[in-house]
Amino acid sequence: MVRRDSLVLTPDPWQIKEENFPRLGTPEDQLRYCLNYAVLAPSSRNTQPWLFRMREGCVELFADRTRRMPQLDPDGRWMVMSCGAALFHLRTALRHYGFAPRVRTFPDLEEVNLLSRVSPGASYEPTTQDHRLFQAITKRGTHRASFDDRPVPDAELDQLRAAVLAEGAVAHMVTNPEERHGLTQLIEEGQRWQAEQHALQQELAVWAEEMRPQRDPPATRWGAWKERRQDEEPVRRVRRRDIEQAPVLVVLTSDRDNAVEWLQMGQAVDHLLLQAADYGLHASFLNAPLEVQALRTQVAHMLGTSRYPHIILRLGYAHHADHTARRPVSARMLPDTDSPSGFDPHA
């Protein structure tokens with residue numbers, strides 16, 4: 001008999017094996033196994049702000065406010081978008097394994113941090129595209145260096161736009177030289193502003209230490225950062241040449257600016273990233289100007305849109321991308337009697 005925890009515990013979630021899916025297990029076992037793919041989703045500053053709870057044949061996705069960064073993310077926008085990415089990873093895994101997932105977002109206003117409730121749904125015949133997106137989960141990573149000197153074909157850009165649109169968002173491909181120059185300037189301005197904010201730097205340093213083995217108090221971790229990296233800033237700056245050299249700059253926008261749209265946006269960017277990884281494209285985030293409200297407004301103005309910009313990416317071909325450490329599913333599960341307190345999703 002297979003032990004239940006062997007279906008869940010993975011010392012390194014990136015080492016998840018497709019062949020270990022419990023095809024003869026219970027529906028709950030199968031749903032739990034798919035969560036191993038959900039935790040591989042990208043998240044803002046790798047905060048991984050998601051929690052899961054199994055209940056009555058479904059899995060509930062909660063935002064974990066203890067992993068929100070108050071200086072960087074005062075309204076929880078990045079936190080909710082990160083959870084949206086985990087939701088799309090989960091949907092992708094379920095489709096690959098032959099289920100048509102049923103998803104209800106914000107299903108219970110009494111549970112203010114409950115973002116979605118997902119059940120496996122009916123049997124489903126996966127398409128070739130379903131399988132390709134699933135295989136892209138372990139291919140996807142963040143590429144922080146320069147890209148290969150190859151243009152991205154228009155046909156692939158069209159498919160990336162379609163992937164974002166399928167999740168209710170819009171992808172603006174910034175190809176005009178004047179627009180690219182203007183966006184690059186805003187990115188640099190955002191990075192400079194962040195580098196001057198001591199409280200923000202301290203917060204980022206604490207989070208940079210978070211994945212290290214020790215669990216010292218925040219003040220101690222800030223001291224450890226300063227001692228080890230006196231010549232560095234916690235705010236990682238992307239070099240101008242790496243921005244300008246990127247074959248594609250993309251800005252994702254939504255119609256409104258509330259938690260419902262943020263969850264949708266997280267799914268949209270994740271769909272784009274998986275589709276891109278399937279093409280051999282990799283990405284990195286350039287969100288600094290979207291973390292400063294005045295600059296965020298300028299990004300929208302530059303695009304000539306009244307929509308709300310949420311994500312800026314640079315895309316291109318590269319030989320590899322980095323995988324950042326992930327907490328296993330067992331560390332992200334809530335007992336079925338617990339739920340985190342939170343915020344108003346419709347504020």
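**Rings, charges and helices**

Colleague: What lies over the face of Trp78?

Modeller: Arg77 does, at 4.8 Å from the ring centre. A charge sits over a ring if NZ of Lys or CZ of Arg is within 6 Å of the centre and within 35 degrees of the ring normal. This is a predicted model, so local features need pLDDT of at least 70, side-chain atom pairs count only at 80 or more, and totals for chains, interfaces and linings use all residues. Numbering runs from 1 along each chain as its sequence is written, and side-chain values use heavy atoms, without hydrogens or water.

Colleague: Which charged end sits over the ring of Tyr317?

Modeller: That of Arg150, 3.9 Å from the centre of the Tyr317 ring.

Colleague: How many aromatic pairs turn up in the whole structure?

Modeller: Six. Rings of Phe, Tyr and Trp (its six-membered ring) pair with centres within 6.5 Å; planes under 30 degrees apart are stacked, over 60 edge-to-face, the rest tilted. Take Tyr97 and Phe134: their ring centres are 5.5 Å apart and their planes stand at 70°, so they are edge-to-face.

Colleague: Where in the chain are Tyr97 and Phe134?

Modeller: In distant parts, 37 residues apart. Tyr97 is in the loop between helix H2 (77-96) and strand S3 (102-105). Phe134 is in helix H3 (residues 128-136). Helices (H or I, at least four residues) and strands (E, at least two) are DSSP runs, numbered from the N terminus.

Colleague: Which residues do ring pairs link into a cluster?

Modeller: Phe21, Tyr33, Tyr37, Tyr97 and Phe134.

Colleague: Back to Tyr97. How far is Arg23 from Tyr97 in space?

Modeller: 8.9 Å, C-alpha to C-alpha, although they are 74 residues apart in sequence. Arg23 is in the segment before H1. Its relative accessible area is 55%, so Arg23 is exposed.

Colleague: What is Arg23 in contact with?

Modeller: Setting aside neighbours within four places in sequence, Gln30 and Tyr97. Contact means heavy atoms within 4.5 Å.

Colleague: New topic. How many helices and strands are there?

Modeller: Ten helices and eight strands in the protein chain. Of its 347 residues, 56% are buried.

Colleague: How do H4 and H9 cross?

Modeller: Helix H4 (residues 154-166) and helix H9 (residues 259-278) cross at roughly 150°, their axes coming within 8 Å. Axes are lines fitted to C-alpha atoms over the stretch in contact, with angles from 0 to 180 degrees between N-to-C directions. H4 and H9 are therefore roughly antiparallel. Under 35 degrees is roughly parallel, over 145 roughly antiparallel, 65 to 115 roughly perpendicular, the rest oblique.

Colleague: Which residues make that contact?

Modeller: From H4, Gln159, Leu160, Ala163, Val164 and Ala166. From H9, Ala268, His271, Leu272, Gln275 and Ala276.

Colleague: And at what angle do H2 and H9 cross?

Modeller: Roughly 50°, with axes that come within 7 Å. That makes H2 oblique to H9. Arg77 of H2 is among the residues that meet H9, where Trp262 is one of the partners on the H9 side.

Colleague: What about H1 and H2?

Modeller: The axes of helix H1 (residues 27-38) and H2 come within 8 Å and cross at roughly 130°. They are therefore oblique. Residues of H1 including Leu31 and Tyr37 meet residues of H2, among them His89 and Leu94.

Methods: Buried means under 20% relative accessible area, exposed over 50%, partly exposed in between (1.4 Å probe, protein chains only).
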